[in-house]
Amino acid sequence: MAVPALMLPSVQVNIRAGNLPPEEANGVAYLKIPVNCL
């Protein structure tokens, strides 16, 4: 089976206990996905 599409973003949020990452300088919070791990 393939990895579910939202697996990596959900792990990032779960590690932070449901909190989104801090905002960048432009005021937007981004989930950062490593492209070489899939």
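How much of the accessible surface of the protein chain belongs to carbon and sulfur atoms? The share is 64%, out of an accessible surface of about 3400 Å². Accessible areas were computed by the Shrake-Rupley method with a 1.4 Å probe, and for residues only the protein chains shown count as cover. The structure is a predicted model, in which local features need pLDDT of at least 70, side-chain atom pairs count only at pLDDT 80 or more, and totals for chains, interfaces and linings use all residues. Residues are numbered from 1 along each chain as its sequence is written, and side-chain values use heavy atoms, with hydrogens and water left out.

The protein chain has 38 residues, and buried residues make up 11% of them. Buried means under 20% relative accessible area, exposed means over 50%, and partly exposed lies in between (1.4 Å probe, protein chains only). The C-alpha trace spans about 35 × 20 × 10 Å along its principal axes. The secondary structure comes to one helix and zero strands. Helices (H or I, at least four residues) and strands (E, at least two) are DSSP runs, numbered from the N terminus.

Helix H1 covers residues 7–15. Pro9, Gln12 and Val13 are its buried residues. They sit on the same side of H1, because they cover an arc of only 95 degrees around the axis. The arc is that of the directions from the helix axis to the C-beta atoms. An α-helix has 3.6 residues a turn, so residues three or four places apart point the same way. The face turned away from the buried side of H1 carries the exposed residues Asn14 and Ile15.

Gln12 lies in H1. Its relative accessibility is 16%, so Gln12 counts as buried. What does Gln12 touch, not counting residues up to four places away in sequence? The partners are Leu31, Lys32 and Ile33. Contact here means heavy atoms within 4.5 Å.

Ile15 also belongs to H1. Ile15 is exposed, with a relative accessible area of 68%. Together with Val3, Met7 and Val11, Ile15 makes a nonpolar surface patch of about 370 Å². Patches are made of residues with over 30% relative accessible area and no salt bridge; like charges are joined within 9 Å, and nonpolar side chains (Val, Leu, Ile, Met, Phe, Trp, Tyr) within 5 Å.

A search of the whole structure finds one salt bridge. A salt bridge is a side-chain nitrogen of Lys or Arg within 4 Å of a carboxyl oxygen of Asp or Glu. Here Glu24 pairs with Lys32, and the closest N and O atoms are 3.0 Å apart. Glu24 is partly exposed, with a relative accessible area of 34%. Lys32 is exposed, at 54%. Lys32 is also one of the residues touched by Gln12.

The segment after H1 holds Ala17. Most residues other than glycine have a negative phi.

Ala25 is exposed, with a relative accessible area of 88%. Ala25 and Asn36 are eleven residues apart in sequence. In space, their C-alpha atoms are 26 Å apart.
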